[in-house]
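Please consider the structure shown below with attention to its charged side chains. The paragraphs that follow treat the salt bridges one after another.

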Amino acid sequence: MYLTETEWTEAKQMVEQTNDKGKLLEWILQQDATSEKKRKMQEGQRYFRCEHDILQKDFRQKEVSETKDGKEELKKFYNPNRSNHKNVNPFHHTLVMQKAAYLVGREPSISVKGVQNGLFEKEIASFCSETLNRLLYRWVVEASNSGVSYLHIYYDTDGEIAMDIVPADEVIVFYDEKKRTEMTDVLRYYDKSVWEQGKRQIRRCVEWWTKEDVTYFTENKQGGFVEESKTPHWIVTKAEDGQEVERIAHNWGRVPFIALQNNAEETTDLEPIKGLVDAYDLLSSEGTNNLLDLVELYWVLQGYGGEAANTVTKKLQINKAVHISDSSGHIEAKQVELPMESRMAWLKVLRKDIFHFGMGVDTDSENWGKAPSGIALQFQYAMFYLKVNGMMPEIRSAMKQMFRFLAEHWNRCDGGNRNWKDIQITLNTSGITDEWQAVQMIQASKDIVSEKTLLGKHPFVDDVNYEMEQLQVERRGTKI
């Protein structure tokens, strides 16, 4: 849920008479609980975990039309002998993993403009090699599932700067009315287990972040919210002779959350394909259950009575014949045939549409690999490139904001003057390529494109910064 400054002001006016932030929180969380955007976020996360809607369907239960007193009615019919197998086809999971692996599967190349920034660049390289890639991967996956993902910057209990991905459905953002890009307030809420009178209870906790501080609220028994504490973003403690002499409050001057948008509309990757995936799951599951329940032969009996069907079956098995009392009667064996060809053809159409509208690459396609030249690969990736190229600027922009926090932290620690605006970010994508053609292009681009950029495109290089260090060592003739 997003509220502009105007909406935010209107919300605060609702409780201005009582000056009770707890009441305001109740209203905001109630609005958020019914938000369509949050519902789609949770849906995208659920499908990524392979918890599809098909799992809620009971194939043993169907609606049957009956006519009673001239009126048609639908009644539920339950068949306990019917198979109830559910096929979950994780197309969304596959497409998101494919996208994240392509965009941030390899470490990005980070450089800093200016000769004097060599130390700054080494600090960034050191940070990237330890934590950045794993963080980026989670960030992109969360944004793809939820439409947007949030990185929270904070100081841990050891006083070290830290960052983590916050689930998007736990966050409510308030933006500046004019720019619509700057966060003014962020509410993060989550559940916490507490023991009350010997029983385990679930209580909601809320963190209200502003540009200067954070206020903590806890839900009470009545469902209201009580303010627990209010603190600055962090506190620096000064000590002399082992004794605390001063506590200095600090803040970032902005809300310490960074948004990574999946696209301009912040839609999830599931939304364009959910109906197709559900249809594929349903058709596949129905086909599986029909096959499990298939009776290869069934007998049609006419003019035969007095004995149960299982008795007739035994006589047919043993004697290969039975006696029919009625001269007009007969026994006929019929074979059940499932419409496999039409079902498989329709599943094939659905699969093609899922990858087309999901803008992914179907590596099981019949055409894959027929002409594995560079141009053919480009055509195979055409729709995929449209999707990931739209997210690349969002990733670079979000990373810049992350390095802004890091630069300010390092400057505060040693009094430096690092400028985050000098940072240049290159994403080293990792798709299927014609490696020989890529190497030839790299060779032809020497003295035209920087060595660091070329290394990022080389199919044999995973860690660009490490490779740069190795080249420098080898050129000096030093052995490691």
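**Salt bridges in the predicted model**

R188 and E170 are joined through their side chains by a salt bridge, 3.4 Å from N to O; the term denotes a side-chain nitrogen of Lys or Arg within 4 Å of a carboxyl oxygen of Asp or Glu. Because R188 belongs to strand β8 (residues 183-196) and E170 to the loop between β6 (161-166) and β7 (171-175), this pair ties together parts that are 18 residues apart in sequence. Helices (H or I, at least four residues) and strands (E, at least two) are DSSP runs, numbered from the N terminus.

The model is predicted: local features need pLDDT of at least 70, side-chain atom pairs count only at pLDDT 80 or more, and totals for chains, interfaces and linings use all residues. Residues are numbered from 1 along each chain as its sequence is written, and side-chain values use heavy atoms, with hydrogens and water left out.

A second pair consists of D213 and K230, whose closest N and O atoms are 3.9 Å apart in a salt bridge. D213 is in strand β10 (residues 213-219) and K230 in strand β11 (residues 225-232), so parts 17 residues apart in sequence are tied together. D213 is buried, at a relative accessible area of 17%; buried means under 20%, exposed over 50%, and partly exposed in between (1.4 Å probe, protein chains only).

In a further salt bridge, the closest N and O atoms of E123 and R418 are 2.7 Å apart. This pair links distant parts of the chain, 295 residues apart: E123 is in helix α5 (residues 118-146), R418 in the loop between α10 (382-414) and β17 (423-426). R418 is buried, with a relative accessible area of 13%.

Salt bridges also link E36, R39, E43, R46, D53, K274 and D278 in a network. Across the whole structure, the search finds 23 salt bridges.
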